Amino acid sequence: MSILQEISTYLQQGRVPMVKELVQKALEEGIEPKTILEEGMLQGMDVIGGKFKRNEVFVPQVLIAARAMNAGVEVLKPHLVASGVEPVGTAIIGTVKGDLHDIGKNLVKMMIEGKGLKVIDLGVDVPPEKFVEGIIENDASIVCCSALLTTTMNEMKNVVDIIAEKGLRDKVKIMVGGAPITQAFCESIGADCYTEDAASAAEAAYSFCL
Ligand code: B1M
């Protein structure tokens, strides 16, 4: 098995020390940081993302794989910057006002980061104005809103409306998701994209950056 395949395999298993050690070893062997990221780590996250979508693995496995991904990224980060690999885009993410559920939002964040985007996490209970501030401060081109309650999902319309009011609507793609959200709801509030799960959200966010 090649070292890149090993990185992918250990990442899928969430083996933090092994991933860190192998990423370091791969660097010492002279493998390009971008190759380690794309053909080792992101490949591993893609496998986990696919399994998660097909219900072959569940939240805990995704969380431990994401933790291993983050640990590997930490080793790689200085080298990626040095070799000029920039994030493919910037997204902001938050759970909407009145809603404190953050497990799904955190998963979406990690999966999007796994696709090479920079993600600014605004947290939970985020009022619409904070999304606007987030776009401006971070020059973000993607806005991700999560909601888990039927009583808070309508806050997403307020986010879409205030972004339009502030003249930023053409600058950003607005993505929505969470258990009560549907494609029809997404269209009814004028958002750009609904996805059912974190892996699909990451794929959609990445495609907006191409
Ligand atoms: Co709450 N809760 N909760 N809760 N809670 C639900 C959502 C509920 C369905 C439980 C139930 O009654 N069966 C219900 C909502 C009913 C409704 O509105 N229809 C409910 C309720 C009522 C409440 C309270 C009002 C309870 C009360 O106090 N009376 C209260 C509200 C607090 C508030 O937010 N203001 C409350 C509180 C809580 C806890 C704090 C105890 C805790 C949250 C802890 C935390 O998040 N840190 C909690 C939990 C854990 C749940 C359940 C059990 C699990 C939610 C979860 O994390 N799922 C939930 C019941 C359930 O879902 N079985 C429930 C796992 C997570 C990975 O899934 O978040 O759906 P999910 O994310 C998925 C997708 O939806 C998608 O990707 C993720 C992964 O694939 N996704 C996106 C999410 N965001 C996305 C964004 C995207 C794209 C995809 O693009 C931007």
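This is a predicted model: local features need pLDDT of at least 70, side-chain atom pairs count only at pLDDT 80 or more; totals for chains, interfaces and linings use all residues.
Residues are numbered from 1 along each chain as its sequence is written, and side-chain values use heavy atoms, with hydrogens and water left out.

Select the cobalt atom of the ligand: its single donor from the protein is NE2 of His 101, 2.2 Å away (donors are N, O and S atoms within 2.8 Å of the metal, or 3.2 Å for Na, K and Ca; water is not among the atoms, so sites may look incomplete). His 101 lies in the loop between strand S1 (90-96) and helix H5 (103-114) (DSSP runs: helices H or I, at least four residues; strands E, at least two).

Next, select Leu 37, Pro 87, Glu 113, Gly 116 and Leu 117, which lie nearest the centre of the largest pocket among its 25 lining residues (on a 1 Å grid over the protein atoms alone, a pocket is an open set of points where a 1.4 Å probe fits, with protein on both sides within 12 Å along at least five of seven lines; lining residues have an atom within 4 Å of a point). H4 gives the largest share of this lining, seven residues.

Finally, select Gly 104, Val 108, Gly 178, Glu 196 and Asp 197, the closest to the centre of the second largest pocket among the 23 residues that line it. Here the largest share, five residues, comes from H5. Strand S3 (142-146), strand S4 (173-177) and helix H9 (198-208) each supply at least two lining residues as well.
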